Amino acid sequence: MRVRVLVLVVVAGLLAGCDDKAPDVYTPAAPEQANPALAERFAPLVFLAEGEPNLPMDATHYVGKSSLWFDDGCDDSDDRLVAEKIDLRRLSGKTGAYEQQANCSKSRKVTDGPDGFPEKSGFYLRPPESARQGEGTQAPVYWEYHVDSGRAAYVYWFFYGYNDLTAGNKHEGDWERVAVQVNGTTPVGVTFFKHGGDPCMVPWQDTQLGKNGDHPQVYAAKGSHGSYSSPGNEYLAGAAFDRSSAGSQWNTWATLRQADREPWWGYRGTWGSPSSLPVSGFDGPAGPGPGRLLKNVLTDKVCEVSQRTITSQLPDAFVGEWETREPATQKPPVTPYHIRASLRKDRSTVHYRTTWTEPDPKLDCQGTWSVTAALQMAVAVHEKITGTSRGKCVIEGSIRLTIEGDAVGVLYDSGSFEMQAKLYRRTRTDPPPPADVPADTTEAALKRFEQYLHAVGNEDLGTVCEIAGPAARKAEAQGFGTCRQTMPVMFRMLSPAQKTALRTATVDTRQITARPGTVEVPTKAILAGDVRFSSSTLGDCTLTFMNGQWFVTD
């Protein structure tokens, strides 16, 4: 969770992590020192993930499918169409570079880098949706040569039309890379890059690094295309899954191209549309280009090998009532606030407040945490703020929880915003609210069903799957996937107007059928103003009283 700064200030660049972390090193390309024969010799053998729908493609073909747009970063300006059909000579700046005048800053050329201009501004490519599927393993791979203090590396760039990482990292245009570190003509190791983690290297002689001759084996994760040294593993990438497997084989040396000789070389805009979301992971990325410095290509940090299987079940070590002793820290700074979290196997909730004792806090937000990936000592959760009575909170985000001694570490890091906190077990918990009605009555069943409807309208996956868990398990047994896989499909089937109406929907008691322990609610019984629902969206529901509570069972 991040508190949105009231003055909308966006911090440029990535924020530093722990104080004891090695400083980042940025290196420039040095094409004049490169040896094309060595670039071909060390080009990787890439395995795409099984079932990968967004394949690699030729970046020039992508440009040919796209239009060029300009966002000047000014609050009162709409994005402008610069070119419906892009002239590569003008895109690269070889002749008459595209140029636009911003309303709130200086004129900008398509070959200008981001320095000195507003955040999230500049030129960008807008591709058609058909570009997402890519072209396959016949696509080219682009290489650069980077040097720093006597050390060097060949960097291999892979381009995909779309990045689709489950649980929150989706954008048009996707540039990924690996680097082979060399000492003269001798390979030293391979640097791997992925979402949600710092670059790391595997030494050349390490047994975990597979090789085909001098071609290191690289496994591209499904959806994100992050690079790994081994197949068959699942990884935590920020707050999402990264899965690598040995699918289609991509012999990159057969399609190798020197990046600075490509017709688009010189373009400094992004390769996809910017996002209006105040979090990273949804903006089109920058690609290779003149003057671009790459971070930690020559890192000495060794990659950790893991065979750990990820689940979506909260580990026992996290279960309980937690709270901060010291306020959470956030960059950029905001008014300090505290956190209380109730972590449970079935449903977890979170509460943010500047103070627990003052009657009029500056911040008071509540929401749910839904587990998206879990290891024994680390959990990724998706946060959904469902109620705000004071201040402003970002409605959705991804958070990582880790066991740190007797505490749970909390980290939200989008690249532009960072929140950190430590939660400790509460010595005193709040009593449960009194029940309004006896638990086994029809009235209680309908209150429970209305809670379910409101959760659907808010896309509160944790609450929906808790109430409709028995019905979801029946569907899963029939091959329809888990609740967390199928319910988002239902969310997408609902229109914005339907979701808004469901947040305050009630039930017409004249339309229901009630028997001891069972209440049947047809779709026509849902009262949501003028908005109507069909059996193909919500459908008729049956509630059953089980273990002291009502659940949707059919």
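Q: Which residues touch the most other members of the largest nonpolar core?
A: This is a predicted model, in which local features need pLDDT of at least 70 and side-chain atom pairs count only at pLDDT 80 or more, while totals for chains, interfaces and linings use all residues. Residues are numbered from 1 along each chain as its sequence is written, and side-chain values use heavy atoms, with hydrogens and water left out. A nonpolar core is a set of buried Ala, Val, Leu, Ile, Met, Phe, Trp, Tyr and Cys residues joined through side-chain atoms within 4.5 Å, where buried means under 20% relative accessible area, exposed means over 50% and partly exposed lies in between, with a 1.4 Å probe and protein chains only. Among the 36 residues of the largest such core, those that touch the most other members are Phe449, Tyr452, Leu453, Val456, Met487, Leu502 and Val521.

Q: Which element gives the largest share of this core?
A: Helices and strands here are DSSP runs numbered from the N terminus, with at least four residues (H or I) for a helix and at least two (E) for a strand. The elements that give two or more residues to the core include helix H7 (483-493), helix H8 (496-502) and strand E32 (518-521), as well as helix H4 (442-457). The largest share, eight residues, comes from H4.

Q: How far does H4 reach from its first C-alpha to its last?
A: The expected span of a helix is 1.5 Å times one less than its number of residues. For H4, with 16 residues, 22 Å is expected, and the distance in the model is close to that, at 23 Å.

Q: Which residues does Met487 touch, not counting residues up to four places away in sequence?
A: Met487 is one of the core members that touch the most others, and contact here means heavy atoms within 4.5 Å. With the residues up to four places away in sequence not counted, Met487 touches Tyr452, Leu461, Val464, Cys465 and Ala468.

Q: How many disulfides are there?
A: A disulfide is a pair of cysteine sulfur atoms within 2.5 Å. One joins Cys200 to Cys303, with an S to S distance of 2.1 Å, and another joins Cys365 to Cys393, where the S to S distance is 2.1 Å. By this rule the count comes to two.

Q: How many residues apart in sequence are the parts that Cys365 and Cys393 tie together?
A: Cys365 is buried because its relative accessible area is 0%, and Cys393 is buried because its relative accessible area is 8%. The torsion about their S-S bond is about 95 degrees, so this disulfide is right-handed. Cys365 lies in strand E25 (residues 364-374) and Cys393 in the loop between E26 and E27, so the distance in sequence between the parts they tie together is 28 residues.

Q: Which residues make up the covered face of strand E27?
A: Strands pair if DSSP finds at least two bridges between them, and strand E26 (residues 378-390) pairs with E27 in the antiparallel sense over seven bridges. The bridge partner of His382 is Ser398, which belongs to the uncovered face of E27 (residues 396-404). The covered face consists of Gly397, Ile399, Leu401 and Ile403.

Q: With the side chain of which residue does the side chain of His338 make a polar contact?
A: His338 is found in strand E23 (residues 338-343), and it is buried because its relative accessible area is 15%. A polar contact is a pair of N or O atoms within 3.5 Å; within protein, one must be able to donate a hydrogen and the other to accept it, and residues adjacent in sequence count only if both atoms are side-chain atoms. At 2.8 Å, the side chain of His338 makes such a contact with the side chain of Thr324.

Q: How far apart in space are Gly272 and Pro127, C-alpha to C-alpha?
A: Gly272 has its place in the loop between strand E19 (256-258) and strand E20 (294-295), and it is buried because its relative accessible area is 0%. Gly272 and Pro127 are 145 residues apart in sequence, and their distance in space, C-alpha to C-alpha, is 7.2 Å.
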